[in-house]
Amino acid sequence: MTAQMKIGIFIALFAVLSVIFSPVTAYAESTEIVKPSAIPEKYLDEQETELYRQVLKNFVAISEGRQSAETFYIDLPAPFPSKKKYEDAVEKVMYLIRRYTPEYNFWEDSSGYLVYSTTRCGIVYGISPIYQAQGNANRIDPAKLNEAKKALANAQAIADKYKNKSAYDKIIGYVDEICALNTYNDEAVDTDGYSLYDITPWRIISVFDGDPSTNAVCAGYAWAFQYLCALGGIECHYVSGTVSESHAWNIVELDGKSYFVDVTFCDGFPEEDIKRYHPYVLDSVVSNAQDGFSTYFPYVGRLSADMETYKYDDGAMKYLPESLRTLSTGAYRKPGLRFEWWHLPLIILVVVAVVRFVKRRRANHDSEDY
């Protein structure tokens, strides 16, 4: 084989590889690390940010057992111009704290309320009965507090396990870990008033506490996933709504696009299938709408028979950018080299072309010898 032939074959093979792996650039991962506290503050102005930090400071103190959940008041250096402005700001701040700091609101139930004046806001927290200290409904039981600390430490250990992985591998790993730790808690959903005395199935502690007898519902799955993403520096949002019935899932932002993740529905498949296919994780959607989205989900190389429609709760994304609602219509792919089905016929065509090229060069060489 002549030097020209070798060069020609090398160029042809290089072209094939370039075409095969060119889609990789479309999925190149950002190296930016997102700090958990930075996500809510992106949606707040300067005065709202100060309010957010002060309220969060109290949430942290209560969740660590350093403060009672009785009414406390927030005083700001620069008062809001009106009571209405203050009320709106507190509502926004409470929304963001409840959505983005599940490690600090695991104990809270729906009995809390707010007390306003024109320049001050008093906040009364409700501690779920299962977390209340004996004889003091405004403090967390020390034993329960220790359980929560151990659960959060377990979550941190999971995040550390994937610390040096890509964002894609972190997400897949987090889903696998949550599904291995949890089984959907049908009893909590089917029992009227369950959350009035035990809020844990709706919180992250029941996922990470290491106790197989304590399991979560969809909210617990979604908040557990969001918490691991926060620890791993991935921007992730908790979303509530309906899929025939009340449900919770996540939206993950990767490389400037929004992707859908539903860990609860993923956990509905056999464990070996979850680890191999990860249905409902970074999959594509068929269509977006202002109030939700619809999609089929690929599973074992096939599409599900029925389209599923997800609807956002009223106000579920009230303080979040509109762009989050537009989910990617293409599934997210792992960065790096990968083989697509259409690569095979392309390789065959190039190989045929190379063989013809070699034969033609040989024929020309033989004719020159004569």
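## A pocket and its packed helices

Helix 4 (83-100), helix 8 (194-197), helix 10 (218-231), strand 6 (236-243), strand 7 (245-254) and helix 11 (263-266) each bring at least two residues to the lining of the largest pocket. Keep in mind that this is a predicted model. Below, we start with that pocket and then look at how some of the helices pack.

**The largest pocket**

- The volume of the largest pocket is about 1,000 Å³.
- Its lining is made up of 42 residues, and those nearest the centre of the pocket are W202, A219, W223, Y238 and S240.
- Which helix gives the most to this lining? That is helix 4, with 5 residues.
- Sorted by class, the lining of the largest pocket has 18 nonpolar, 13 polar and 11 charged residues.

**Helix 6 with helix 10**

- The crossing of helix 6 past helix 10 is right-handed.

**Helix 5 with helix 10**

- Helix 10 also meets helix 5 (residues 142-161): their axes come within 9 Å and cross at roughly 55°.
- An angle between 35 and 65 degrees falls in the oblique group, so helix 5 is oblique to helix 10.
- This crossing of helix 5 and helix 10 is right-handed.
- Helix 5 uses L152, A155, Q156, I158 and A159 to meet Y227, L228 and L231 in helix 10.
- The classes here come to 7 nonpolar, 1 polar and no charged residues.

**Helix 3 with helix 4**

- Helix 4, which gives the most to the pocket lining, has a partner in helix 3 (residues 46-63), where the axes come within 10 Å and cross at roughly 55°.
- Helix 3 and helix 4 are therefore oblique to each other, and their crossing is right-handed.
- From helix 3, the contact includes E48, L51, Y52, V55, L56 and F59, and from helix 4 it includes Y86, A89, V90, K92, V93, M94 and I97.
- This contact has 11 nonpolar residues, no polar ones and 2 charged ones.

Technical notes:
Residues numbered from 1 in each chain as written. Predicted model: local features only at pLDDT ≥ 70, side-chain atom pairs only at ≥ 80, totals over all residues. Heavy atoms only, no water. 1 Å grid on protein atoms, 1.4 Å probe; cavity = no way out; pocket = protein on both sides within 12 Å on 5 of 7 lines; lining within 4 Å. Points joined across faces, edges and corners; volume = space filled by probe spheres on them. Helix = DSSP H or I, 4+ residues; strand = E, 2+ residues; numbered from the N terminus. Nonpolar A, V, L, I, M, F, W, Y, C, P; charged D, E, K, R; others polar. Left-handed = near helix turned anticlockwise from the far one by under 90°. Axes fitted to C-alpha atoms, helices over the stretch in contact; angles between N-to-C directions. Parallel < 35°, antiparallel > 145°, perpendicular 65-115°, else oblique. Contact = heavy atoms within 4.5 Å.
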